[in-house]
Amino acid sequence: MNTKKKDITILAIESSCDETAAAVVRNGREVLSNIISSQIDLHTVYGGVVPEIASRKHIERIDQVIAEALSQAGVGLGEMDAVAVTYGPGLVGALLVGVSEAKAISFASGIPLIGVHHIEGHISANYIENKELEPPFICLVVSGGHSHLVRVTDYGAYEILGRTRDDAAGEAFDKVARAIGLGYPGGPKIDRAAREGNPDAISFPRAKVADAAYDFSFSGLKSAVLNYLNACEMKGESFSQADVAASFQKAVVDVLVEHSMRALEEFGGGKFAIAGGVASNTALRSALERACAERGVSFYRPSPVLCTDNAAMIGAAAYYEYRRGVRHGYDLNAAPNLKLGER
Ligand code: KG4
Ligand code: ZN
């Protein structure tokens, strides 16, 4: 008797922000294609993502991106076991494009529809390149819209240990980059500029949230950077872009590492993963790698292209939802404020 499990192949779609993306993923961990059409160039002139432009561009590009994902994977729609789509959180107009597209595909081809939480997708990006990684583990999720310290207790089961009280980590990177004249998108630009700077040049605060050990707060740090820049201007002094970038980045990284290590000490488990756009930051990756190595903890991080928004991560998350029997109806709607663990 053949006991081999049937392969599950999923077409995944992601359009929650400024990336139009589609991917074909087999059994949650094998990426057959991963197409990302970035709109960054279109938004750069405005210094940030313009929701209206994002929605319009998703509509223009989504069919082509899906066609490319299928053709690069060498499979037809008829071979898909499900179509998965990010339905929240994110920009409502942007989400609606992907959700409507996925519903249309599901209706026309008769394959099941699975709505995926964007952050669950980011976390699941870790499964793609780490075939052996299984829950439970602790995951630091740091993106443009979210900063969460999460206990992944099982596939699709999350316990949030801490979250940001104000700005997300990526948001702080973007705002500081703008303030020091690096422009948008801020994260990668600060990452690059910081390599030339001294992380100990300026002493910026490491914020703690009094009543919640695992919560983050980055708005005070952002204000401290702005105050520093103002003080330089008042004194008629110039500032070093590289030193501000490096010192700011160090302050963010220190807090993220400290909270993460404390969570590992309290909850143990020996496995730690990172996810989200900021997880592609080189200083953060090396600091966490070192901290985990010192404690004998296995450290997991997706390749940078799987940290920032993509659809392969949505396909990975969708596989485990599929196996748990999750199927959505045609009443699936965009949920811009969807909470992790909510359905
Ligand atoms: O996960 P993501 O692509 O989109 C959201 O779900 O938000 O994250 C985008 C965020 C942006 O704020 C961007 O500046 C930041 O991730 N980012 C970085 C780096 N690359 C992207 N932040 C720090 N260092 C980087 N190398
Ligand atoms: Zn994201």
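Is Tyr 319 buried or exposed, and what is its relative accessibility?

Guide: First, some housekeeping: this is a predicted model, where local features need pLDDT of at least 70, side-chain atom pairs count only at pLDDT 80 or more, and totals for chains, interfaces and linings use all residues. Residues are numbered from 1 along each chain as its sequence is written, chains are lettered from A and ligands numbered from 1 in the order in which they are written, and side-chain values use heavy atoms, with hydrogens and water left out.

Now, your tyrosine. Tyr 319 has 7% relative accessibility, so it counts as buried (buried is under 20% relative accessible area, exposed over 50%, partly exposed in between, with a 1.4 Å probe and protein chains only). Tyr 320 comes out at 8%, so that one is buried too. Tyr 319 and Tyr 320 also form an edge-to-face aromatic pair, with 4.9 Å from centre to centre and 80° between the planes. For the cut-offs: rings of Phe, Tyr and Trp (its six-membered ring) pair if their centres lie within 6.5 Å, and planes under 30 degrees apart are stacked, over 60 edge-to-face, the rest tilted. Ring pairs join Tyr 319 and Tyr 320 with Tyr 127, Phe 137 and Tyr 155 in a cluster.

Helices (H or I, at least four residues) and strands (E, at least two) are DSSP runs, numbered from the N terminus.

The structure holds 11 aromatic pairs. Another of them is Phe 107 with Tyr 330: the centres are 5.7 Å apart and the planes at 80°, so this is edge-to-face. Phe 107 sits in helix H3 (residues 92-109) and Tyr 330 in the segment after helix H11 (312-323), so the pair ties together parts 223 residues apart in sequence. With 64% relative accessibility, Phe 107 counts as exposed, while Tyr 330, at 44%, is partly exposed.

There's a charge to mention as well: Arg 327 lies over the face of Tyr 322, 4.0 Å from the ring centre. The criterion is NZ of Lys or CZ of Arg within 6 Å of the ring centre and within 35 degrees of the ring normal.
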